[in-house]
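Look at the fold below before reading on.

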Amino acid sequence: MIHVERVWLAVQPMDMRAGPDTALARVVKDFGAAHPHHAYVFANRRANRLKILVHDGLGVWLAARRLNQGRFVWPRAGQVHVEVTDTQLQALVIGLPWQRIGNGGIIDVI
């Protein structure tokens with residue numbers, strides 16, 4: 001089981017051809033270091049693909065996700081990175097509006 005304590009979104013798009021070494025270099029560039037038990041989430045320019053790099057304390061894992069329709073809800077440019085909760089990440093990877101997830105996983109009405 002991979003233990004993740006914090007999850008970060010990298011706001012700027014990443015080329016989805018990137019492998020673990022390129023993704024790790026991007027984490028170091030954007031976040032300063034790859035911290036153990038942290039996950040770093042990247043999207044492509046169209047926001048229909050994600051890659052998640054997880055540092056498990058010993059090495060790194062790289063996972064990919066693609067939506068067949070629609071786009072992932074992604075933060076706007078202007079920020080370098082955004083921290084999200086586990087519940088927000090679960091909503092994000094299935095395409096839900098993760099920014100509106102409140103306590104108990106309830107989607108807040110605007």
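**A tryptophan and its surroundings**

W74 touches L9, A10, V11, V41, F42, A43, A47, L50, L92, W98 and Q99, leaving aside residues up to four places away in sequence; contact means heavy atoms within 4.5 Å. This is a predicted model, in which local features need pLDDT of at least 70 and side-chain atom pairs count only at pLDDT 80 or more, while totals for chains, interfaces and linings use all residues. Residues are numbered from 1 along each chain as its sequence is written, and side-chain values use heavy atoms, with hydrogens and water left out.

The largest nonpolar core has 21 residues, and L9, V41, L50, W74, L89 and L92 touch the most other members. Such a core is a set of buried Ala, Val, Leu, Ile, Met, Phe, Trp, Tyr and Cys residues joined through side-chain atoms within 4.5 Å. Buried means under 20% relative accessible area, exposed over 50%, and partly exposed in between (1.4 Å probe, protein chains only). Two or more residues each come from strand 1 (6-10), strand 2 (38-43), strand 3 (49-55), strand 5 (81-84) and helix 2 (86-93). Helices (H or I, at least four residues) and strands (E, at least two) are DSSP runs, numbered from the N terminus. Helix 2 gives the most to this core, 4 residues.

The 5 strands form an open sheet in the order 4-3-2-1-5, with mixed pairing; two strands pair if DSSP finds at least two bridges between them. At the edges are strand 4 (60-66) and strand 5, each pairing on one side only. Strand 2 and strand 3 run antiparallel and are joined by 6 bridges. H38 has H55 in strand 3 as its bridge partner.
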